[in-house]
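Subject: Structure for your review

Dear colleague,

I am handing over the structure below, and my notes on it follow. Please read them alongside the coordinates.

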Amino acid sequence: MRFTVSPYGLEDLQHIAEIEKECFEHPWSYDSFCMEYADKKKHYFVAKDESGEVIGYGGFAHVEDEAHIMNIAVTAKARRMGVGSAILRAVLDCAEKLGIVAITLEVDDSNAAAIAVYEKAGFKCAGLRPHYYGWDRPARIYWLRF
Ligand SMILES: CC(C)(COP(=O)(O)OP(=O)(O)OC[C@H]1O[C@@H](n2cnc3c(N)ncnc32)[C@H](O)[C@@H]1OP(=O)(O)O)[C@@H](O)C(=O)NCCC(=O)NCCS
């Protein structure tokens, strides 16, 4: 499948919210993404297929000289085709251009797909944050230093 990855626009927010709803137990609302869009310290990217359909998104918050990845998600029908990794690449490239020196994220300890994508990109697990996603559902904390 051919796809492109580019910075998001206002017109993408509804589609992002739909993918979010499909992918997460406690999804962010459309309004939350509107607030992200208004915040100049947030940087998001969307992947679109050849027909222009949004098939994934991901973004980060710029805090001092660090970045915090908020989320990366790909619609089920487009997974395992390199889309998640390409979005992550766009996120890392953007962070590096902004002079960011380190990038962090939390991921559910049981989320094998996301863990694989982040580790392939060079992220190192720095430890577990207990009960982060609910009782007995720890988060792995990852860091990548440029
Ligand atoms: C995590 C997610 C974004 C990955 O997106 P993707 O487009 O499928 O990822 P890619 O195709 O770039 O995968 C890259 C590599 O990661 C690994 N990987 C991806 N999905 C995997 C899975 N389900 N199980 C094991 N390894 C997996 C593989 O090594 C894969 O390379 P390969 O297909 O050549 O073997 C996607 O599964 C998703 O949206 N999940 C639901 C939302 C979510 O959990 N987001 C992360 C929150 S932190």
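In these notes Ala, Val, Leu, Ile, Met, Phe, Trp, Tyr, Cys and Pro count as nonpolar, Asp, Glu, Lys and Arg as charged, and the others, Gly among them, as polar. The model is predicted, so local features need pLDDT of at least 70 and side-chain atom pairs count only at pLDDT 80 or more, while totals for chains, interfaces and linings use all residues. Residues are numbered from 1 along each chain as its sequence is written.

The ligand is surrounded by 20 residues (a residue is near a molecule if its C-beta atom, placed from the backbone, lies within 6 Å of it), and the closest are Arg79, Gly84, Ser85, Ala113 and Ala116. By class, this shell holds 12 nonpolar, five polar and three charged residues. Strand E4 (66–74), helix H3 (83–97) and helix H4 (112–120) each supply at least two shell residues, with H4 giving the largest share, six residues; helices (H or I, at least four residues) and strands (E, at least two) are DSSP runs, numbered from the N terminus.

Turning to the sheet, seven strands form an open arrangement in the order E1-E2-E3-E4-E5-E7-E6 with mixed pairing, where two strands pair if DSSP finds at least two bridges between them. Strand E1 (3–7) and strand E6 (124–129) stand at the edges, each with a single partner strand, so one side of each lacks a neighbour in the sheet. E1 pairs with strand E2 (residues 42–49) in the antiparallel sense over five bridges, and Val5 stands opposite Ala47 in E2.

Best regards
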